[in-house]
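This report walks through selected local features of one protein chain. Please keep the sequence and the structure open while reading.

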Amino acid sequence: MTGAVWTRQGSRVIQSIQNASSRRSHTALKSEYDVLVIGGGHNGLVAAAYLQKGGLQTAVLERRHVLGGAAVTEELFPGFHFSRCSYLLSLFRPHIYEDLELKKHGLKIYRRNPHAFSPMLEEGVGGAPPRSLTLGSDMALNRKEIGKFSQKDAMAYGEFNAYLDKLASAAQPLLDAPPVDIIGLTSGSLRTRIRAAKTLMPLVQCGLKLGKNIPDFYEIVTAPIMKILNQWFESEPLKATLATDAVIGAMTSPYNPGSGYVLLHHVMGELEKEKGSWGYVEGGMGGVSNAIASSARSHGASIFTEKDVQEILVGPDGSAKGVVLKDGSEIHSKLVLSNATPYVTFKKLTPQASLSPEFIKAIDQFDYTSPVTKINVAVDKLPNFLAAPSPDGTPGPHHQCSIHLNCESVEVLETAYKESINGKYSTRPMLEMTIPSVLDPTLAPPGAHVVSFFTQFTPYYLEGKEWTDQDKEAYADLVFDWVEQYAPGFKSSVVGRDILTPPDLERIFGLTGGNIFHGSMSLDQLYLARPLPCLSSYRTPIKGLYLCGSGCHPGGGVMGAPGWNAALAVMADMKRS
C-alpha cells in the first residue's frame, strides 16, 4: 500500500452520516421506564416500536455512537459512506415494513436486477473476453447465460428456482411466529395446554403448504447443498455460484450437512413484494435502522446512543429490575429486552449468581464460529472487469450485482474452507463483492465508489494467535491481488480500506466470535434449539428478561422477526399477568 491510501487500523471513525440524527435525543434519559431494550440494532428497534405502540413506555440503550448494530452507515473516509457491517437487504419481514410505515419514515430501497455476476479467470477464445455468469429475474436471459456452460443446466434452472421458491414459501409461517411451546404442551393446566396448542399452527400451515414436498423440505434442510445441486446441475460455475449462498457467513463446507438450509434461509426473503429480491438501502444499511427508529420515536419511544450497559439489575425475587450503565447510573424498569448475543447477555450482563451452573454451561456450548472478514474499500474509479469490460467508467448491469470472485468451481470453495479450519486464512478466498454506489449516488463523491468485500474463510485465531495489524494488511493485500486478476487496475484505484476480521466484528459490533447471525445457523441451533430449548420462547430464567436478537429464532438475517416475536411474547405475558 502506498502512503496515499487511508487504512482503518484503530484510528477514530469519521462521524457517521446517521450520527447527527441518532445521537441527538429529543428527551432526557429518565430513571424509570416500563421497558428497557439493550442494544439499538434493528431487532431491538423493532421490539421497541411494537412495545411502545402497545402502550409500554420504552427506551432503547445503544452502546455505540451510532444506531443500528450491524445495520449501520459510517463515513470511514471523507465523502465515502459505507454499510460497514451488513450490506444487503432482503429478509426484512414485509408485515413489519408495513406496520411501522418504514417508507413514510424514509426507507428507500434500490432493487437489483440482475443480482449475481460470476466472472471467470480464463483466457478468452478468439479475442473474446473471459466468460461470466450473470443471473437475475429474467429467466430467458438466465438460460442464455447458463447455456454458456451447459444447455442441460440452462433448461433445469427455471424448475430449480420454482422448487426452491415452493420450499421457501412454505416455511414463511415459521419465520413470523415463535417455535412450538413444548413445555406448555406437555405440562401445566388444561388452559395452558390449549393456549400452547396454538403455537402448533405455523408448523401445521408449513406442512399443509408443503404437502407431498415434505420429503424435499426435509432433504434440503438436512443435506449438504452439493447433494442437492449435483442432482440438478453439471456445470461448475453455476454450482459454485449457488453454493456461495449455502456457506455465506457460515464456517462450513458445501459438502457438510446443513449447508442446504443456509441456502434456503437466504432465498426466503422479499423486497416490496418481490420474492427472492435483494437490494441496497439508500444511504447505506443505516437507512433501515434510522427508519425503524423514526417509527418508534413517532409512537413515543425514547432512543439513546452512547449508553453502555454494564449489568442487568436482578432483584431479590430473581426478576429483572433495570440496568446499570458503565457510568454507574441505574435505570429501572419492569421489563428488560436484550438485543445482544446470548453470550453477552448471560455471560457479561447478567449477574452469574442469578443463573444456574447448568444454564451457564449450556450457554457456553452455543457456537459462534465465524469465517468472515469484511473489507470496506473506497476507490476513485469503477472496477473494470475483463469478463465484462466498461472502459469508459459507465456502470454496467453486472456492477449492481453480488459479484462472486474465485467461484469457478466448488472445489475452490472447498479448498478455501479446509485451509481455514486448519487455522490459516484462505490463500484463494471466496469473495462476494458489492458496489452499492452504482445505484446509490449518495454514498461516494462523483466518479468514485464504495466497494464491500464479504470474504471467507478466515479463522478467529491465526494458527492459535491473535491477528496483528500486519496480518490484517497481508490478508487484504491477498484479497486485492485476486481482485486485480479479474479487474486489472483495481489496486491502483484504492484510496482507503477498512479491514474487519472476526475479532474486529466482535469488538466493534458486539458480534460474539464475529458471527453475523448472533450464532451459527447450524441444525442444532435452529428453531426449538435457538439459542437453547429453554430460551426458544424469548423468555429467560430471569423473570422479566427477554431475548430479542438474532440469537433467537428465526436467526440472523431475518431482519425484524426476532424483535417482533419477542414483543409478542412480552405482550402475551402482560395480558396474562
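## A salt bridge within one helix

Glu 236 and Lys 239 form a salt bridge, with their closest N and O atoms 3.5 Å apart. The model is predicted. Both residues sit in helix H11, residues 236–247. They are three residues apart, so about one helical turn separates them.

Are the two partners buried or exposed? Glu 236 is partly exposed, at 31% relative accessible area. Lys 239 is buried, at 7%.

Glu 236 has another partner to inspect. Ser 409 is in contact with Glu 236 and Ala 240, leaving aside neighbours within four places in sequence. Ser 409 lies in the loop between strand E17 (402–405) and helix H16 (410–421). Its relative accessible area is 18%. That value counts as buried because the cut-off is under 20%.

Asn 406 belongs to the loop between E17 and H16. Its phi is near 65°, a positive value in a residue other than glycine. Asn 406 is buried, with a relative accessible area of 0%.

## Salt bridges between separate parts of the chain

How many salt bridges does a search of the whole structure find? The count is 23. Glu 282 and Lys 108 make one of them, with the closest N and O atoms 3.6 Å apart. This pair links distant parts of the chain, 174 residues apart. Glu 282 is in the loop between strand E11 (279–281) and helix H13 (286–298). Lys 108 is in the loop between helix H3 (94–99) and strand E6 (109–111). Glu 282 counts as partly exposed at 30% relative accessibility. Lys 108 is also partly exposed, at 40%.

Asp 308 and Lys 326 meet through their side chains in a salt bridge of 3.2 Å, N to O. Asp 308 lies between strands E12 (302–304) and E13 (309–314), and Lys 326 lies between strands E14 (320–325) and E15 (330–338), each in a loop. The pair therefore ties together parts that are 18 residues apart in sequence. Asp 308 is partly exposed, with a relative accessible area of 24%. Elsewhere, salt bridges with shared partners join Arg 64, Glu 74, Arg 84 and Asp 498 into one network.

## The loop between H19 and E21

Gln 525 is in the loop between helix H19 (502–509) and strand E21 (545–547). Is Gln 525 buried or exposed? Gln 525 is buried, with a relative accessible area of 3%. Its side chain reaches the backbone oxygen of Ser 520 at 2.9 Å. Setting aside neighbours within four places, the contacts of Gln 525 include Gln 365, Phe 366, Asp 367 and Arg 530.

Tyr 527 lies in the loop between H19 and E21. Its phi is positive, about 50°, although Tyr 527 is not a glycine. At 19% relative accessibility, Tyr 527 counts as buried. Pro 531 is placed in the loop between H19 and E21. A cis peptide bond joins Arg 530 and Pro 531, with omega about -5°.

## Phe 366 and its contacts

Phe 366 is in the loop between helix H15 (357–364) and strand E16 (372–379). Phe 366 is buried, with a relative accessible area of 7%. Beyond residues up to four places away, Phe 366 touches His 518, Gly 519, Gln 525, Arg 530, Pro 531 and Gly 551. The C-alpha atoms of Phe 366 and Leu 532 are separated by 8.1 Å. Along the chain, these two residues are 166 residues apart.

A cis peptide bond also joins His 553 and Pro 554, with omega about 5°. Pro 554 lies in the loop between E21 and helix H20 (561–576).

## A nonpolar surface patch

Which residues form the nonpolar patch on the surface? They are Leu 200, Met 201, Leu 203, Val 204 and Leu 208. Together they have about 450 Å² of accessible area. Leu 200 is in the loop between helices H7 (190–197) and H8 (201–210). Leu 200 is partly exposed, with a relative accessible area of 32%.

## Confidence

The chain averages a pLDDT of 92, and 94% of the residues score at least 70. Over residues 9–25, the pLDDT is below 50. This stretch has 44 contacts in the model beyond near neighbours in sequence.

Notes
Residues are numbered from 1 along each chain as its sequence is written. This is a predicted model: local features need pLDDT of at least 70, side-chain atom pairs count only at pLDDT 80 or more; totals for chains, interfaces and linings use all residues. Side-chain values use heavy atoms; hydrogens and water are left out. Helices (H or I, at least four residues) and strands (E, at least two) are DSSP runs, numbered from the N terminus. Buried means under 20% relative accessible area, exposed over 50%, partly exposed in between (1.4 Å probe, protein chains only). A polar contact is a pair of N or O atoms within 3.5 Å; within protein, one must be able to donate a hydrogen and the other to accept it, and residues adjacent in sequence count only if both atoms are side-chain atoms. Contact means heavy atoms within 4.5 Å. pLDDT is the predictor's confidence in each residue, from 0 to 100. Patches are made of residues with over 30% relative accessible area and no salt bridge: like charges are joined within 9 Å, nonpolar side chains (Val, Leu, Ile, Met, Phe, Trp, Tyr) within 5 Å. Accessible areas come from the Shrake-Rupley method with a 1.4 Å probe; for residues, only the protein chains shown count as cover. A salt bridge is a side-chain nitrogen of Lys or Arg within 4 Å of a carboxyl oxygen of Asp or Glu.
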